[in-house]
Amino acid sequence: MNDLMRDAAAALAVLFFAMMFGFIKPARAADLTPTQAVSLYAMASGLSGIVLAERAPDIMLVPASTLRAMACPHKDADRCPVFGLFTRGKIWLDATLDFADPYASSILLHEMVHYLQDARDGLATTCEEWERREAQAYQVQVVALARAGADTMRVRLNSQLARCS
């Protein structure tokens with residue numbers, strides 16, 4: 001990483017931490033600003049090492065029930081604890097997320113890593129590839145939370161459960 005990229009990553013980290021510590025305080029996902037989304041997108045690139053795609057993802061805010069139905073169409077919706085989902089070109093988020101909460105911000109960061117993975121490599125075609133991508137997205141999420149001084153246990157546990165079936 002050259003000095004310019006390192007300086008840019010440091011500046012983005014400051015923006016991210018300002019958001020994580022509540023200096024920038026949207027009350028809910030609907031209040032997520034474009035600046036915050038762009039900052040998280042750049043951080044996803046910096047922490048994952050994946051070059052930014054030409055176009056940022058569309059971010060869709062939907063009711064939790066809609067998100068669960070999309071993520072787990074063959075399961076009882078109550079047994080599908082999902083807050084974010086990536087589908088080709090779009091990130092779907094639970095509209096009740098509060099981006100003043102570091103964990104909520106890290107969910108969007110995680111999905112942005114998937115967007116970058118897809119832009120670089122296309123869709124995962126094997127179980128092993130899907131698991132590798134999940135591991136990378138969870139690792140980025142853990143690093144961001146740790147840097148913000150937030151608890152990482154929930155994400156670490158979720159990463160252990162991310163398996164193909």
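How many helices and strands does the secondary structure of the protein come to? The answer is six helices and three strands, where helices (H or I, at least four residues) and strands (E, at least two) are DSSP runs numbered from the N terminus. This is a predicted model, in which local features need pLDDT of at least 70 and side-chain atom pairs count only at pLDDT 80 or more, while totals for chains, interfaces and linings use all residues. Residues are numbered from 1 along each chain as its sequence is written, and side-chain values use heavy atoms, with hydrogens and water left out.

**Overall layout**

- Along the sequence, the elements of the protein follow the pattern α-α-β-α-β-β-α-α-α.
- The protein has 165 residues, and 43% of them are buried; here buried means under 20% relative accessible area, exposed over 50% and partly exposed in between, with a 1.4 Å probe and protein chains only.

**The sheet**

- Three strands make up an open sheet with mixed pairing, in the order S1-S3-S2; two strands pair if DSSP finds at least two bridges between them.
- Strand S1 (58-62) and S2 are at the edges with a single partner strand each, so one side of each has no neighbour in the sheet.
- On average, neighbouring strands of this sheet are turned by 20° against each other, direction ignored; the axes are lines fitted to C-alpha atoms, for helices over the stretch in contact, and angles run from 0 to 180 degrees between N-to-C directions.
- S1 pairs with strand S3 (residues 90-94) in the parallel sense over five bridges. Leu61 stands opposite Leu93 in S3, and Val62 stands opposite Asp94 in S3.
- S2 and S3 pair in the antiparallel sense, over four bridges. Gly84 has Leu93 as its bridge partner in S3, and Thr87 stands opposite Lys90 in S3.
- The hairpin of S2 and S3 has two residues between the strands, and Gly89 takes a positive phi near 85° there.
- S3 is mostly covered, with four of its five residues buried.

**Aromatic pairs**

- Rings of Phe, Tyr and Trp (its six-membered ring) pair if their centres lie within 6.5 Å, with planes under 30 degrees apart counted as stacked, over 60 as edge-to-face and the rest as tilted.
- The count by this rule is two aromatic pairs.
- Phe86 and Tyr115 form an edge-to-face pair, because their ring centres are 6.0 Å apart and their planes stand at 75°.
- Phe86 lies in strand S2 (residues 84-87) and Tyr115 in helix H4 (residues 102-121), so this pair ties together parts that are 29 residues apart in sequence.
- Both Phe86 and Tyr115 are buried.
- Tyr41, Phe86 and Tyr115 are linked into a cluster by ring pairs.

**The largest pocket**

- A pocket, on a 1 Å grid over the protein atoms alone, is an open set of points where a 1.4 Å probe fits, with protein on both sides within 12 Å along at least five of seven lines; its lining residues have an atom within 4 Å of a point.
- The largest pocket holds about 1200 Å³ of space, a volume being the space filled by probe spheres set on the grid points, which are joined across faces, edges and corners.
- Its lining has 36 residues, and those nearest the centre of the pocket are Val82, Gly84, Trp130, Glu134 and Tyr138.
- At least two lining residues of the largest pocket come from each of S2, H4, helix H5 (127-147) and helix H6 (153-161). H4 gives the largest share of this lining, seven residues.
- The lining of the largest pocket divides into 18 nonpolar, nine polar and nine charged residues; Ala, Val, Leu, Ile, Met, Phe, Trp, Tyr, Cys and Pro count as nonpolar, Asp, Glu, Lys and Arg as charged, and the others, Gly among them, as polar.

**Two loop residues**

- Ala148 is in the loop between H5 and H6 and counts as buried because its relative accessibility is 4%.
- Asp101 is in the loop between S3 and H4 and counts as partly exposed, at 35% relative accessibility. The C-alpha atoms of Asp101 and Ala150, 49 residues apart along the chain, are separated by 9.4 Å.
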